[in-house]
Amino acid sequence: MTSTKPSVPTEQVSVDSAAAALHVGTSDPLTLIMRNLRQSGIYIAFVVIVALFAFLTDGVLLSPGNITNIVLQYSYILVLAIGMVILIIAGHIDLSVGSIVALTGAVSAVLVIQHGQPWWIGVVAAVAVGIAVGAWHGFWVAYVGMPAFIVTLAGMLLFRGLTMQVLDNVSLSPFPADYQKVASGFLNGLMGGQGYDAFTLLIAGFAVAGYAVSVFRTRLARIRYEQPVESFPLFVTRVLAVAAVVMYFGWQLAHARGLPIVLIILAVLVIAYGLMTKNTVFGRQVYAIGGNLSAAMLSGVKVRKVNFWIFVNMGFLAGIAGVIYSSRSNGAQPAAGNMFELDAIAAAFIGGAAVAGGVGTVVGAMVGGLIMAVMSNGMQLMGVDQSTQSVVKGLVLLLAVAFDIYNKRRAGATR
Amino acid sequence: MNDVLLEMRGITKRFPGVTALEDVSLEVRRGEIHAICGENGAGKSTLMKVLSGVYPTGSYEGEIRFDGSPVHFGGIRDSESVGIVIIHQELALVPYLSIAENIFLGNERRGRGGLIDWNRANADARDLLASVGLNENPVSPVIQLGVGKQQLVEIAKALSKEVRLLILDEPTAALNDVDSAHLLDLLRRLRDRGITCIMISHKLSEITAIADSTTVIRDGQKVETLDMSSGDVTQQRIIRGMVGRDIDSFYPDRVSEPGPEVLRIEDWTVWHPVQPRLVVDGASLNVRAGEVVGIAGLMGAGRTELAMSVFGRSYGRNISGRLYLHGKQVRARTVAEAISNGIAYATEDRKRYGLNLIADVRANVSAAALGKLARAGWINGNEEIKVAEQGRREMNIKTRTVLDTVGTLSGGNQQKVVLSKWLFTDPDVLILDEPTRGIDVGAKFEIYTIINRLVAQGKAVIVISSELPELLGMCDRIYTLSAGRITGELPVGEATQEDLMALMTKEKELAG
């Protein structure tokens with residue numbers, strides 16, 4: 001700034017070399033893994049844990065009946081984790097989802113069991129109550145400006161109490177058979193089969209085909225935009241690997257009781273929310289709010305609106321989880337859903353969500369939830385008692401978040 | 001009077017990539033009020049942080065002698081132990097603690113068994129308050145006091161530490177005229193009691209009224225020390241010292257061909273979001289297509305507040321005034337409305353308000369205009385990368401790919417990401433708040449070049465800057481802002497730094 005003329009930088013990063021770097025980066029699997037260590041670390045951990053427990057249980061973990069069990073047992077936690085990870089990305093949390101699960105299940109039970117309404121009335125009512133509760137939380141957080149931690153802590157007490165009042169402090173059961181089918185029903189026998197369910201295999205085949213078509217179309221679009229894509233053999237390998245896993249999973253299910261209805265619900269939700277968070281304006285705004293609230297506001301994001309709707313969404317998903325849980329437990333209890341919030345939060349964090357917000361994925365949260373599910377299930381199979389299970393789960397959560405913080409520090413993003 | 005209390009010799013302080021202070025020497029005589037002047041970023045605060053031990057011995061070069069003997073401070077406690085107390089511009093009181101608790105914070109009046117002797121603390125506090133002319137109950141919480149009285153509590157706190165050298169950083173910046181006058185009176189009384197005082201101030205009238213000597217700092221170097229006792233040092237004389245430097249070929253050439261008016265505000269008035277005071281007071285200005293208009297003002301003049309209140313009312317309350325775009329009055333009540341009306345605002349603090357540092361370049365570039373990339377709410381991810389790549393090429397953002405995290409980029413490259421983001425909203429008016437703050441000389445030149453390119457495309461640009469040479473080098477016209485009021489409008493050909501500084505420090509005529 002004094003009288004000496006500053007040297008104007010002449011060095012230019014060549015566009016070609018940068019594009020080349022991009023290309024190399026995405027086609028080399030090792031670089032790909034290293035770049036996304038935060039995410040891929042979770043997948044690797046998942047594979048290791050599955051392998052470990054498969055070994056420790058002499059393969060029982062991966063037996064057809066047990067895989068079905070894992071899906072049924074943890075489906076409602078996974079549904080909750082979808083909504084939870086979205087809240088966590090935006091920098092919030094919801095401590096009340098266990099209570100919402102209980103309340104929505106109770107409302108449904110009162111209508112269906114006490115008043116003899118058809119099963120779908122119970123489902124609609126439960127989801128409506130969930131949405132209303134979510135709107136209540138969203139109002140206080142988004143429009144009054146209270147911290148979500150406090151609002152939902154209050155909600156946890158409030159809706160637990162309402163559950164008890166709705167149920168008059170007694171358990172209601174059993175549900176009629178068609179309501180029970182939601183969580184414990186299977187789609188099978190539709191097409192027959194010799195000792196296995198052909199329909200399940202067909203659906204799995206459709207899923208694989210759908211996946212292959214969609215990734216291929218993505219690849220074509222990227223090529224059209226002259227963006228680097230992975231080499232064709234690598235692409236084929238990836239598709240085949242996914243196909244193998246899905247078909248194996250379908251094969252195992254087909255040899256058990258067929259395709260669980262819950263799995264269909266879960267798959268639809270995961271795909272819909274996975275795409276929503278990644279590919280929509282709304283999803284991006286959620287990440288923007290969590291990443292830097294002020295910058296999001298000054299970029300024209302309607303922060304209050306987004307915050308409100310993600311709480312409504314959490315209520316909606318908690319309503320669905322309430323239906324699944326009440327259906328699976330074949331009744332409604334005043335203490336239902338206790339501590340579910342903690343499992344859902346743990347799933348999100350193990351799945352790579354950042355405590356400070358702005359980071360996380362729906363798929364990651366699902367893997368995080370499955371890690372916990374496989375660990376619980378594996379330890380149950382091994383006859384490990386509840387107390388040890390709790391200790392192990394606690395340590396896994398701790399290590400997962402420690403890993404996240406370590407990763408961030410390495411990336412130099414902490415300040 | 002020639003008895004020297006403090007002597008700083010050859011102080012050089014370097015930060016990575018920047019030399020904040022270079023061979024600065026300062027002598028303060030016992031019992032004087034010594035003013036330090038300089039533009040924003042000249043190095044005044046850095047010098048005071050060196051003196052008070054915020055930057056410990058060893059992190060700078062040079063020597064400090066206090067009361068005749070060399071001193072080495074490892075932290076602020078060390079400097080306080082010899083009687084050097086600094087009062088920062090941002091007051092450091094705990095709002096919900098009482099006056100007495102604040103005065104003795106970290107220096108508690110202990111009684112038996114290590115417990116705090118509240119009777120003694122409150123009694124001592126009352127005496128200290130009396131000595132600064134404040135008649136308040138020491139047990140009332142600080143938050144109940146106005147800013148002026150809080151300033152006095154800070155001074156009482158300094159007195160409780162047996163202060164010998166009191167450093168005040170912009171003590172009157174947030175005060176009204178009455179409180180300012182009161183404070184200056186108090187400083188005179190303290191001087192009479194033998195307390196030496198260093199005062200950093202932008203208000204030249206106060207300096208000429210109260211200081212015994214004035215040291216002027218510019219670009220990290222000491223320019224001169226003026227003896228004020230003779231009384232013939234004028235404000236103009238000080239200004240010459242503060243700005244005396246040349247503009248050279250640092251700024252890329254530009255042919256100025258202003259077109260029709262794009263944005264005009266009239267009688268724009270903004271209140272502080274919580275305090276009952278005006279931040280922008282009846283400001284009117286306009287900017288035309290293909291024109292760069294500068295806003296010059298000292299810290300606290302209301303520059304950022306003016307810009308943000310225009311940008312979708314993102315600052316302040318009770319905003320009144322008229323906003324015209326292309327001659328038509330518009331209401332931009334939210335940021336989204338401002339953006340859709342073609343206004344863009346690049347904030348002065350890009351890390352806190354401008355960027356999502358944990359997200360990648362692509363997501364930051366698209367953040368303010370995602371709608372343009374989406375159909376029915378679904379984003380075309382490939383188009384988004386294309387847009388980000390385009391920004392990267394045009395702005396010469398040095399990053400491996402657009403999927404790199406913004407937090408890992410240098411300041412200059414982050415600023416280019418901010419500019420790419422706002423250009424993608426396709427604005428008619430760009431308000432750039434301190435566009436070159438904290439970035440190196442080379443990147444500054446690039447930013448200037450980008451601005452010139454935008455103007456050549458017919459955009460209207462408003463530049464807010466603390467660096468007068470930058471404004472004189474870049475702008476067609478410059479408005480000066482002082483205490484929320486537009487105090488002048490100068491075509492750049494007629495403006496000098498001295499003129500601007502005089503207008504920027506022009507105070508509201510006292511209405512009795």
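Predicted model: local features only at pLDDT ≥ 70, side-chain atom pairs only at ≥ 80, totals over all residues.
Biologist: What are the mean pLDDT values of chain A and chain B?
Modeller: Chain A averages 85, with 86% of the residues scoring at least 70. For chain B the mean is 87, and 96% of the residues reach 70 or more. The model scores ipTM 0.81 and pTM 0.78.

Biologist: How many helices and strands does chain A have?
Modeller: Chain A has 17 helices and two strands; these are DSSP runs numbered from the N terminus, with helices (H or I) of at least four residues and strands (E) of at least two. Among its contacts between residues at least 6 apart in sequence, 78% join residues at least 24 apart.

Biologist: What share of chain A counts as buried?
Modeller: Of its 415 residues, 41% are buried. A residue is buried if 20 or more other C-beta atoms lie within 10 Å of its own, exposed if 12 or fewer, and partly exposed in between, with C-beta atoms placed from the backbone.

Biologist: What span should helix 6 of chain A have?
Modeller: Helix 6 covers residues 119-143, and its 25 residues should span 36 Å at 1.5 Å a residue, taken as 1.5 Å times one less than the number of residues. The end C-alpha atoms are 36 Å apart, which agrees. Just after helix 6, A:Gly145 takes a positive phi of about 85°.

Biologist: At what angle does helix 5 of chain A pack on helix 6 of chain A?
Modeller: Helix 5 (residues 97-114) packs on helix 6 at an angle of about 145°, with their axes 8 Å apart. Axes are lines fitted to C-alpha atoms, for helices over the stretch in contact, and angles run from 0 to 180 degrees between N-to-C directions.

Biologist: Which residues meet there?
Modeller: Those of helix 5 in chain A include A:Ile100, A:Leu103 and A:Val107, and those of helix 6 include A:Trp119, A:Val129 and A:Val133. The residues of this contact divide into twelve nonpolar, five polar and no charged; Ala, Val, Leu, Ile, Met, Phe, Trp, Tyr, Cys and Pro count as nonpolar, Asp, Glu, Lys and Arg as charged, and the others, Gly among them, as polar.

Biologist: Where is A:Pro174 placed?
Modeller: A:Pro174 is in the loop between helix 7 (148-167) and helix 8 (177-184) of chain A. The peptide bond from A:Ser173 to A:Pro174 is cis, with omega near -5°.

Biologist: Turning to chain B, how many residues of helix 9 are buried?
Modeller: Eight of the eight residues of helix 9 (residues 303-310) are buried, so this helix is largely enclosed by the rest of the structure. Among them are B:Arg303 and B:Glu305. Just after helix 9 of chain B, B:Gly312 has a positive phi of about 65°.

Biologist: What is the phi of B:Asp267, and of B:His326?
Modeller: B:Asp267 has a positive phi of about 50° although it is not a glycine. It is found in strand 11 (residues 261-271) of chain B and counts as exposed, with 11 C-beta neighbours inside 10 Å. B:His326, also not a glycine, has a positive phi near 50°. B:His326 is in the loop between strand 14 (317-325) and strand 15 (328-329) of chain B, and is partly exposed, with 14 other C-beta atoms within 10 Å.

Conventions
Residues numbered from 1 in each chain as written. Chains lettered and ligands numbered in written order. Contact = placed C-beta atoms within 7 Å. pLDDT = per-residue confidence, 0-100.
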